[in-house]
Each structure stands twice: as C-alpha cells, then as structure tokens.
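Please open the structure in a viewer and keep the sequence panel at hand.

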Amino acid sequence: MIILNETDVTPVSFILNGIPGLEDMHMWISFPFCSMYIVAMVGNCGLLYLICYEDSLHRSMYYFLAMLSLTDLVMCSSTIPKALCIFWFHLKKIGFEECLVQMFFIHTFTGMESGVLMLMALDRYVAICYPLRYATILTNSVIAKVGLATFLRAVLLIIPLIFFTKRLPYCKGNIIHHTYCDQLSVAKLSCGNIKANVIYGLIAALLIGGFDILCITISYTMILRAVVSLSSADARQKAFSTCTAHICAIVFSYSPAFFCFFFNRFGSRTIPPSCHIIVANIYLLLPPTMNPIVYGVKTKQIRDCIIKIFSGSKNIKSHST
C-alpha cells in the first residue's frame, strides 16, 4: 500500500522478499542461520557474564571485549529474528518506520563493531609497546570515554543517512529483495535522486571503516616492529599470541564487509543477488558467532574461567587477593 502526500510518496510498509531465486530453499537456509544465531547469543551472553562477575577479567582488554560482545548481540538481533520469520512463517511485511529503525541499528552497530575492533588494536599496541604504562594509560575512565566516543561517532554519522532515506519519494513498488532493510536496497525503490544517499553512504563508510582500518594497520605495524626487536623467541611468540584472537576477529568482520561494499558499488551486474544477500547476512552473523569461540579458545584467562565453571571446582566469583 502507498499513501500519497502533498510532495512525495511514502510507503506504509515494505515487503522483505528474502533471498531471491532461493525461495524454495528458505527453510534449509534457516537452519544454519538459526544455529549460528543461538551460538552467538549464548556465546556473547556468556562472555558478558564472565567479564562482569570474574574479578580477574576486570581489565581493559576484557572491557573492550565486553563492548564487542554487546555490539555483536545488537547487530545480529536486529536482523536474524526477522529473517527467520520470513523463512519460517512468511512474515515478510515490515512497516516503513520499523524499516528505518532496523536500518539505523544495522548501520550504527556495524560501525560500532569496526570502532571497537580499532580500539582493541590500540589496546594491544599499548600492552605490547608500553607494558609498564598500560594500566595508567588505559584507565577505566579512558575506556568509558573512548567507548562512548565510538558509539556517538556511529550514531552521528548514520542519522543523516536515515534522514536522506526517509525523505525520498517511493514509487517503484514496495518489495525489497533482501532479508533486512539495507539502506541501498531501500533507496533503489525510490523514483527520486538517490545520489545523496550513495555519496554520503560512501563518505560514512570511509570515515568509519577507512579510519578504523588505517588505525589498525598502524597499530599492528608498530606492534610488529616492537615484537621483532625482542631478543627472546619465547617473548616474541607470547606477544604475538596475545593478538591472535583479535586478528581472527578482524578477518571475520572485515572480509564479508569488503565483499558487500564492493558488490553494492561495482559487482551488482556480475554477482548473483542471492550470493550478495547470503554474504550480507553472514556479515552480520559470522562475527557474533565466531568471536566468543575464538576468544574462548585463544584467551587463557577466559578458557580457565570456563573450565572452572564446568568443573564446578570453584565459584565463578573470584576472591583472589
């Protein structure tokens, strides 16, 4: 349905059509999506519980990890439940305002994810290059301030994008060939000029992703220089091992992000839309699923806490002096 206003055409609702060309396989596709979502919810809630109640994890590295887990929970929960409703119950309708809200959460928290990964790279840089000053540089107040700044950066950069999308006139139908309200997918239904959306979306991506990747690259360049200069092979291995989980998190997050970014701008005619939509969902689902697993396996303190819980040898609440 469409309502005609004085100056534009505003849809009452959109229809999220799922994955075009694979409608008959929606039920089968839903099982890995649902499984990954359950793992993501359990894993990230578990990490947040451990970091909150285990005294030995009350350190800056784990506070940043808690930010990442909270971001991951919001990021995947803003899309996957609706996608599963499409796959299982054919509940494809989404209100216009609801679509904009979903769009805001998706883009804000993907930006937040990138920012937290950048902060974690800076944390590793300080820990390895300035170990004696680590606790004095990354105090709780500093962590809270940079975390808030990262969140506000994402919010302030995404709000104009939502405004540009809301003011567009829509007269090309209301069917979105996607499982969620991606900004470009919605804008393409407009009969107006979407150049502002495209240009501003590119600027926002560069200000968030480009800046964060630059900071991560510089941080790891300095880390590599510091580690190579160490005389002991054991010290070098220990220093590198503290970065392994974070490097895996970067790969899980940025690999599908790059695919989606370049597809939207250069590959829409060569890559099937179904492939793009699947990767777009993986982009929002893979990091929340894998990050708790990787940090649980690669981080000794977290691994010890998990073993302590399952062994039942001690209470989760640590009372070490």
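Is Cys171 buried, partly exposed or exposed? Select this residue and display its surface. Cys171 has a relative accessible area of 41%, so it is partly exposed. Please bear in mind throughout that the model is predicted.

**Second stop: the disulfide of Cys99**

Next, select Cys99 and Cys181, which a disulfide joins with an S to S distance of 2.0 Å. This pair, too, links distant parts of the chain, 82 residues apart: Cys99 belongs to helix 4 (residues 96-129), and Cys181 to the loop between strand 5 (175-176) and helix 7 (183-187). Look along the S-S bond: the torsion about it is about -125°, and the disulfide is therefore left-handed. Cys99 counts as buried at 1% relative accessibility, and Cys181 is buried with a relative accessible area of 0%.

How many disulfides are there? The count comes to two. With bonded cysteines counted along the chain, they follow the pattern 1-3, 2-4.

Now select Cys34, which is in no disulfide; the nearest cysteine sulfur belongs to Cys85 and is 11 Å away. A disulfide requires sulfur atoms within 2.5 Å. Cys34 counts as buried, at 18% relative accessibility. Move on to Cys260, which is likewise in no disulfide, the nearest cysteine sulfur being that of Cys275 at 9.4 Å. At 8% relative accessibility, Cys260 counts as buried.

**Last stop: helix 1**

Finally, select residues 26-53, the 28 residues of helix 1. Its end C-alpha atoms are 40 Å apart, which agrees with the 40 Å it should span at 1.5 Å a residue. Cys34 is one of the buried residues in this helix, which also include Ile29, Ser30, Phe33, Tyr37 and Ala40. An α-helix has 3.6 residues a turn, so residues three or four places apart point the same way. Which helices are included in what covers the buried residues of helix 1? Show helix 2 (60-77), helix 3 (80-89), helix 10 (273-298) and helix 11 (300-311) to see them.

Note on methods: Residues numbered from 1 in each chain as written. Predicted model: local features only at pLDDT ≥ 70, side-chain atom pairs only at ≥ 80, totals over all residues. Heavy atoms only, no water. Helix = DSSP H or I, 4+ residues; strand = E, 2+ residues; numbered from the N terminus. Buried < 20%, exposed > 50% of the residue type's maximum accessible area, 1.4 Å probe, protein only. Expected span 1.5 Å × (residues − 1). Contact = heavy atoms within 4.5 Å.
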